[in-house]
Amino acid sequence: MLQLNQQVLRTDLAGMPLEWIDYRGAARLYFLDQVAYACGDPLFLLRGGTNAITRVQSRLEIHSIIATYGIHHALNKLQDDYMPPLSNRTLFQRDNHMCMYCGQHFSDRHLSRDHVRPSSKGGADHWNNVVTACVRCNNYKAGRSPEDAGMELLAVPFAPTHAEYIFLMGRHVLADQMEFLRAHFPRSSPLHRRLARETPA
């Protein structure tokens with residue numbers, strides 16, 4: 001059974017992913033007549049008041065993906081030079097909660113952000129220079145490069161596109177939402193391989 005905190009994926013008219021919203025935000029967009037069309041599976045059926053004349057109760061079905069009218073502030077995030085904000089939560093999601101040095105999976109509290117080129121040596125706090133590392137490996141590496149520390153980096157860090165970032169920001173992403181978002185990932189996205197491994201045959 002779906003929880004009320006299940007997120008709805010909002011897109012523009014062309015189907016470009018924009019953001020996650022809750023069912024209240026989706027209902028508001030329906031009320032304002034901003035929803036052009038819906039796709040994906042039905043998530044919620046909201047029931048309202050009963051019409052005094054027709055005696056029919058109002059109903060609103062909210063789907064997992066809704067396309068909306070209008071000019072969206074998120075559209076500037078689709079430019080080639082757009083860089084999503086970096087946070088530990090999305091970094092850990094990008095790297096699948098796996099330490100990029102020892103290869104083990106950990107919970108958030110046992111993970112940290114490691115700068116491949118150390119900050120002390122001019123390394124930027126940027127998607128292309130940070131990886132997920134367990135606290136133990138990060139402490140061992142300290143202010144050294146992986147080569148100087150004798151550690152092998154298991155994957156090349158990358159900056160996610162806006163569609164990839166929307167996926168990383170999602171909580172409890174449903175199968176139909178996942179399929180929709182994957183269609184917007186670059187063909188070369190490392191997330192394709194990871195999600196293929198996680199998806200049952």
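This is a predicted model: local features need pLDDT of at least 70, side-chain atom pairs count only at pLDDT 80 or more; totals for chains, interfaces and linings use all residues.
## Pro190 and the ground rules

Pro190 is partly exposed, with a relative accessible area of 29%. Buried means under 20% relative accessible area, exposed means over 50%, and partly exposed lies in between (1.4 Å probe, protein chains only). Pro190 is found in helix H7. Helices (H or I, at least four residues) and strands (E, at least two) are DSSP runs, numbered from the N terminus.

Residues are numbered from 1 along each chain as its sequence is written, and side-chain values use heavy atoms, with hydrogens and water left out.

## Nonpolar cores

A nonpolar core is a set of buried Ala, Val, Leu, Ile, Met, Phe, Trp, Tyr and Cys residues joined through side-chain atoms within 4.5 Å. The largest one has 13 residues. Those with the most contacts inside it are Leu9, Trp20, Ile166, Phe167, Leu181, Phe185 and Leu191. H5, H6 and H7 are the elements that give two or more residues to this core. H5 gives the most, with four residues.

Take Ile166. Contact means heavy atoms within 4.5 Å. Leaving aside neighbours within four places in sequence, Ile166 is in contact with Leu9, Leu18, Glu19, Trp20 and Leu181. A second, separate core has 11 residues, including Tyr23, Leu43, Phe44 and Ile62.

Four residues of H6 are buried: Asp176, Gln177, Phe180 and Leu181. They cover an arc of only 135° around the axis, which puts them on the same side of H6. The arc is that of the directions from the helix axis to the C-beta atoms. An α-helix has 3.6 residues a turn, so residues three or four places apart point the same way.

The cover over the buried residues of H6 includes strand E1 (8–11), strand E2 (17–21), E3, strand E4 (57–68) and H5. The face of H6 turned away from the buried side carries exposed Ala175 and Glu179.

## Aromatic pairs

Rings of Phe, Tyr and Trp (its six-membered ring) pair if their centres lie within 6.5 Å; planes under 30 degrees apart count as stacked, over 60 as edge-to-face, and the rest as tilted. The count comes to two aromatic pairs. In one, the rings of Tyr23 and Phe44 have centres 5.5 Å apart and planes at 50°, so the pair is tilted. This pair links distant parts of the chain: Tyr23 is in helix H1 (residues 23–31) and Phe44 in strand E3 (residues 35–50), 21 residues apart. Tyr23 is buried at 14% relative accessibility. Phe44 is buried at 7%.

The Phe167 and Phe185 pair is edge-to-face, at 6.0 Å centre to centre and 65° between the planes. This pair also links distant parts of the chain, 18 residues apart. Phe167 sits in helix H5 (residues 162–169), and Phe185 in the loop between helix H6 (175–182) and helix H7 (190–198). Both phenylalanines are buried.

## Charges over rings

A charge sits over a ring if NZ of Lys or CZ of Arg is within 6 Å of the ring centre and within 35 degrees of the ring normal. The charged end of Arg94 sits over the ring of Phe158, 5.4 Å from the ring centre. That of Arg144 sits over the ring of Tyr140, 5.0 Å from the centre.

## The loop between H2 and E5

Asp95 lies in the loop between H2 and E5. Asp95 is buried, with a relative accessible area of 8%. Leaving aside neighbours within four places in sequence, Asp95 is in contact with Met100, Val131, Thr132 and Arg194.

Asn96 is in the loop between helix H2 (88–94) and strand E5 (111–115). Its phi is positive, about 60°, although Asn96 is not a glycine. Most residues other than glycine have a negative phi. Asn96 is partly exposed, at 23% relative accessible area. His97 is placed in the loop between H2 and E5. Phi of His97 is also positive, near 55°.

## Cysteines

A disulfide is a pair of cysteine sulfur atoms within 2.5 Å. The count comes to zero disulfides. Cys137 is in no disulfide; the nearest cysteine sulfur, that of Cys134, is 3.5 Å away. Cys137 is buried, with a relative accessible area of 8%. Cys39 counts as partly exposed, at 25% relative accessibility.
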